[in-house]
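Have the sequence and the 3D view open side by side. We will walk through the model step by step.

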Amino acid sequence: MGFTPGPSDPFIELMRPPPGETPAQAMARQKRELDAQKRSDAIDESIKQAREQAKKERNIIKVLLLGQSESGKSTTLKNFRMRYSREDWEKERDGWRAVVQLNIVRSITTILSVMEAELSGEVPAESDGDDATQVGDNEEMKFTDRHQLLMIRLAPLRGVEAELKRRLGAGSEPVQPSLPMIATPFDPVNDAAVVRRTDPEFAVRSWKDVLEREGRPPHMEEASGDLDRVTDTIASCKDDMKGLWEDKTVRLALRRRKLRLPDSAGFFLNDLERIASRDYVVSDNDIVRARLRTVGIQEHRLKFKHGPFDNPKGKEGSGWEWRMFDVGGCRTSRAAWLPFFDNVNVIIFLSPVSVFDQRLEEDPRVNRLEDSIILWTSICGSKLLAKTQLILFLNKCDLLRRKLKRGIKVKTFLPSYGDRPNEVIPVVKYLREKFKDIQKHASPEIRSTYIYPTTVTDTEATAVTLESVRDGVLRENLATSQLI
Ligand SMILES: Nc1nc2c(ncn2[C@@H]2O[C@H](COP(=O)(O)OP(=O)(O)OP(=O)(O)O)[C@@H](O)[C@H]2O)c(=O)[nH]1
Ligand SMILES: [Mg+2]
């Protein structure tokens, strides 16, 4: 005899309408059941989507570039893009022309301001411990009619500077000196952190905005006319700019005033013959050197399709994608970093080694090396970043070499350096050990740190470093992705 489910079947019992249910109650119950089913289906769907998303993102590596302002984050990113995203790099080439021009013109107008100050007999400001070599006040500094003439002939560059700022200014704004400053992204923001600056620096919000505008073929008469005017004026000032930059008395005045031009200024000013011309074509090196302060956070994507670790599952078209985030490094920008720490796979942290005798632009009370160490300690110690792979670039080794050659003693600014030799290799080795120790003691979990001494403006040497970084990152993330 077969089994006939009877009234005692638990499922039937469960589904049975309650005794004495009215038609209205039955309708309400059925609606409740339908809603519950819908909710359950929605949950199933979102789980499915999350799984699919995780599968898709298995090959995505999130990389953050961190470090103080002018540490070389954007320059590092440019190296990556030049090497691994050549198509975009080429598309943006023309857009950099105006940036290089602004870099040159700003250096020249800054020098003109120094000359004006000298000629008007203004007393130079006290040293802020910056890297200029001491120049005796008694050194002869004779300005002549020729200098006056140079100043008059170069005066149109002030208008060009304003014009270039306006053009690059879609996303540009001066650094807000009134914004709260914090030393690390984990610090609470309060008004006490506000420091007033006297000289707000020109800033550009986003490469992408600027380059998209600048790189476009000029479609408006006005835009193309402006560009020609700018290029024409710069070209017509070429000889005078060279005369100014090469003049001994001017150099002496710059040293006496302890003027710190941007790190790339020399690179551009020594090559005026090529750059200040009407048919100037932007070179790879020019792009790498062109300084554009980052404000906000910019995302750039790189695809790795070739190489030993590029195909994690051995499937066609399943290469790795790196999402690289470049941040503004000054103290007013660091609060914006925090939301990007979620699920970050890799941090490339840049600490310039040449800055032991310099102060922060945004807060001249703070030594730049000290700032970098505070920042590194906070990043290493963050629980949120405990599983993140840390890569440290001890950058600007070339500037360190130059500085030490000029006789500036590390020990003066870093007494703990003691009597070790005042040479590049021992200094970098010393800093490397210090940064490594901090990582070891501050990290919530044991992890390795990959440390590279770099000069990211040297694209050939950096290419070798990037290969190693790339393979190291992919190897580590391959292991993680296998676990998904
Ligand atoms: N000589 C030399 N100059 C460098 C090096 N790295 C960067 N620079 C220059 O330093 C300046 C600042 O570099 P950026 O890459 O713009 O610095 P950043 O960290 O992105 O700065 P923010 O956007 O302000 O946070 C630029 O003029 C670079 O060309 C280096 O290793 N050597
Ligand atoms: Mg930058």
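**A walk through the model**

C397 sits in helix 16. Helices here are DSSP runs of H or I with at least four residues, strands are runs of E with at least two, and both are numbered from the N terminus. Is C397 buried or exposed? C397 is buried, because 23 other C-beta atoms lie within 10 Å. The rule is this: a residue is buried if 20 or more other C-beta atoms lie within 10 Å of its own, exposed if 12 or fewer, and partly exposed in between, with C-beta atoms placed from the backbone. Leaving out residues up to four places away in sequence, C397 touches V353, V424, V428, P453, T454 and T455. Two residues are in contact if their C-beta atoms, placed from the backbone, lie within 7 Å.

Keep in mind that this is a predicted model: local features need pLDDT of at least 70, side-chain atom pairs count only at pLDDT 80 or more, and totals for chains, interfaces and linings use all residues. Residues are numbered from 1 along each chain as its sequence is written, while chains are lettered from A and ligands numbered from 1 in the order in which they are written.

How confident is the prediction? pLDDT is the predictor's confidence in each residue, from 0 to 100. Its mean over the chain is 84, and 81% of the residues reach 70 or more. Over residues 127-134, however, pLDDT is below 50, and this stretch has 17 contacts in the model beyond near neighbours in sequence. Residues 195-205 also stay under 50, with 33 contacts beyond four places in sequence. Where pLDDT is low, the predicted coordinates should not be read in detail. The model as a whole scores ipTM 0.99 and pTM 0.82.

Now step back to the whole chain. It has 19 helices and six strands. Of its 484 residues, 31% count as buried. Among contacts with a separation of 6 or more, 83% join residues 24 or more positions apart.

F340 lies in the loop between strand 3 (320-327) and strand 4 (346-352). F340 and L64 are 276 residues apart in sequence, yet their C-alpha atoms are 8.0 Å apart. Beyond its neighbours within four places in sequence, F340 is in contact with L64, I297 and F325. F340 counts as partly exposed because it has 16 C-beta neighbours inside 10 Å.

Next, turn to ligand 1. How many residues surround ligand 1? There are 25, and the closest are G72, S74, T75, T294 and G329. A residue counts as near if its C-beta atom, placed from the backbone, lies within 6 Å of the molecule. Helix 3 (73-84) and helix 16 (397-405) each supply at least two residues of this shell. Helix 3 gives the most, with three residues. By class, the shell has four nonpolar, 13 polar and eight charged residues. Here Ala, Val, Leu, Ile, Met, Phe, Trp, Tyr, Cys and Pro count as nonpolar, Asp, Glu, Lys and Arg as charged, and the others, Gly among them, as polar. At least three shell residues come from each of domain 1 (61-91 + 292-474) and domain 2 (93-177 + 208-289). Those bounds come from an automatic or database domain assignment.

An unreviewed UniProt entry places a "binding site" feature at T294. UniProt positions are in the numbering used here, feature names are shortened, and annotations may be inferred rather than shown by experiment. T294 lies in the loop between helix 14 (284-289) and strand 2 (297-304). T294 is buried because it has 22 C-beta neighbours inside 10 Å. Not counting residues up to four places away in sequence, T294 touches S74, D326, V327 and G328.

The unreviewed UniProt annotation "binding site" also covers D263, S264, N395, K396, C397 and D398. These residues spread over 136 residues of sequence but cluster in space, with a largest C-alpha distance of 14.4 Å. D263 lies in the loop between helix 11 (248-256) and helix 12 (265-269). D263 is partly exposed, because 18 C-beta neighbours lie inside 10 Å.

Finally, check the backbone at K396. K396 lies in the loop between strand 5 (389-395) and helix 16. Phi of K396 is near 65°, a positive value in a residue other than glycine. K396 is buried, with 26 other C-beta atoms within 10 Å.
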